[in-house]
Amino acid sequence: MKEESKNLAVVILNWNGKNWLQKFLPNVIQFSEEAEIYVIDNHSTDDSVEILKSEFPSVKIIINDKNYGFAGGYNEGLKKINAAYYCLLNSDVEVTENWIRPVLNLFEKDSSIAAIQPKILSFNNKKYFEFAGAAGGMIDNLGYPYCRGRIFDDLEEDKGQYNDETEIFWASGCCFFIRSKDFWEQNGFDERFFAHQEEIDLCWRLINSGKKIFYTGKSEVYHVGGGTLNKQSAQKTYLNIRNNLSMMLKNLPFPKLIWLIFFRLCLDGVASFYFAYKNGFSHLWAVARGHFGFYAQLPGTLKRRQKYQKSHYYQTKWLIFKHFLGGKK
């Protein structure tokens with residue numbers, strides 16, 4: 001049975017993250033007067049739940065019976081929360097004063113907006129954008145995600161260049177506002193993804209169904225990043241490769257799909273040697289595992305294809321070549 005809630009539920013998924021909760025929850029509580037705050041504990045083995053009960057009595061706790069991953073953990077926990085809007089917030093995010101109101105204003109102004117993200121800056125270097133979301137997610141014609149303010153590993157300094165409110169392709173999962181109605185109409189995140197790019201897949205499905213994804217620079221948060229899997233993790237490489245291919249197969253129209261998937265598999269093979277050189281041999285094997293994982297998911301992925309897929313989904317072409325060969329930052 002779902003609990004009664006305010007119009008907005010700020011929901012933090014936690015797994016063995018007691019230090020993050022102690023560091024950032026006080027800030028979330030201070031600046032979230034318009035929201036009910038929840039922590040979904042994803043079967044932690046530390047004393048996160050005890051700390052929540054003793055130090056943060058105003059926070060509501062939902063305990064999952066096992067670790068469902070990021071995607072499944074939210075799907076499972078959100079079933080028990082009743083609110084018009086969810087804000088899915090990473091535990092390693094510092095929010096700021098008035099971070100909620102600009103987002104709610106956008107939702108109230110346009111009913112076709114399904115999901116919104118704020119400006120996401122680096123907690124460790126607050127003048128720069130943060131890897132996971134920056135100033136709103138985009139995608140190129142080969143299915144490579146990037147952000148305004150971040151292309152691959154290159155980050156821009158925040159000089160007010162993205163203080164706008166604009167439509168984007170995907171909103172970052174580290175601070176992801178979404179109408180609960182739209183979340184459940186899409187059956188939430190694809191739990192097979194476990195973690196990484198599940199929010200891009202959900203946004204893509206929303207766009208295919210006629211909804212909009214937005215960014216607002218009037219709201220700011222600061223993200224530490226890498227709290228569970230850092231950028232150099234071979235497991236992260238595996239999940240990103242597998243999930244990106246499955247996401248494209250689910251959401252692209254078939255005329256483009258055949259050549260694009262084949263081309264991406266070839267590019268991944270080339271990229272695996274770059275990953276191995278930069279981060280170690282385990283990343284080369286992670287790319288291969290990502291491909292095998294994609295093949296294993298094929299039957300389920302094909303079943304999850306929507307009735308309609310839009311042909312015009314990308315904002316730029318050939319980003320990987322423009323970046324690595326042409327120096328585009």
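I shall speak about the annotated domain, then helix packing, then several individual residues.

A word on conventions comes before the details. This is a predicted model, in which local features need pLDDT of at least 70, side-chain atom pairs count only at pLDDT 80 or more, and totals for chains, interfaces and linings use all residues. Residues are numbered from 1 along each chain as its sequence is written, and side-chain values use heavy atoms, with hydrogens and water left out.

Let me start with the record. An unreviewed UniProt entry carries the annotation "domain: Glycosyltransferase 2-like" for residues 10-184. Helices (H or I, at least four residues) and strands (E, at least two) are DSSP runs, numbered from the N terminus.

Which residues of helix α4 are buried? In this helix, residues 101-109, they are Pro102, Val103, Leu104, Leu106 and Phe107. Buried means under 20% relative accessible area, exposed means over 50%, and partly exposed is in between, with a 1.4 Å probe and protein chains only. The cover over the buried residues of α4 includes the strands β4 (85-89), β6 (113-122), β11 (165-168), β12 (175-179) and β13 (212-223). Contact, here and below, means heavy atoms within 4.5 Å.

I turn to the helix pairs. Two packed helices are described by the angle between their axes and the distance between the axes. The axes are lines fitted to C-alpha atoms, for helices over the stretch in contact, and the angles run from 0 to 180 degrees between N-to-C directions.

Consider α8 (residues 254-279) and α9 (residues 281-303). Their axes come within 6 Å and cross at roughly 155°, which means that α8 is roughly antiparallel to α9. As to the terms, angles under 35 degrees count as roughly parallel, over 145 as roughly antiparallel, 65 to 115 as roughly perpendicular, and the rest as oblique. The crossing of α8 and α9 is right-handed. A crossing is right-handed if the near helix is turned clockwise from the far one by less than a right angle, and left-handed if anticlockwise. On the α8 side, the contact involves Phe254, Ile261, Leu265, Asp268, Ser272, Phe273, Phe275, Ala276 and Asn279. From α9 come Phe281, His283, Leu284, Val287, His291, Phe294, Tyr295 and Leu302. By class, this contact of α8 with α9 has 12 nonpolar, four polar and one charged residues. Ala, Val, Leu, Ile, Met, Phe, Trp, Tyr, Cys and Pro count as nonpolar, Asp, Glu, Lys and Arg as charged, and the others, Gly among them, as polar.

Helix α9 also packs against α7, at an angle of about 35° and with the axes 7 Å apart. The crossing of α7 and α9 is right-handed, and their contact has 10 nonpolar, 10 polar and three charged residues.

How do α6 and α7 lie, roughly parallel or roughly antiparallel? The axes of α6 (residues 198-208) and α7 (residues 234-251) come within 10 Å and cross at roughly 10°, so α6 is roughly parallel to α7. Ile200, Asp201, Trp204, Arg205 and Asn208 of α6 meet Met247, Met248, Lys250 and Asn251 of α7. That contact of α6 with α7 divides into four nonpolar, two polar and three charged residues.

Next, two backbone details. Ala134, in the loop between β6 and β7 (137-139), has a positive phi of about 45° although it is not a glycine. Ala134 is buried, at 0% relative accessible area. Trp318, in the loop between α9 and α10 (319-324), has a positive phi of about 55° and is likewise not a glycine. Trp318 is partly exposed, at 35% relative accessibility.

Finally, some separations. Gly280 sits in the loop between α8 and α9 and is partly exposed at 22%. From Gly280 to Ala234 there are 46 residues in sequence and 8.7 Å in space, C-alpha to C-alpha. Gln30, in helix α1 (residues 18-30), and Asp110 are 80 residues apart in sequence and 28 Å apart in space, C-alpha to C-alpha.

Notes:
UniProt positions renumbered as here; feature names shortened; annotations may be inferred.
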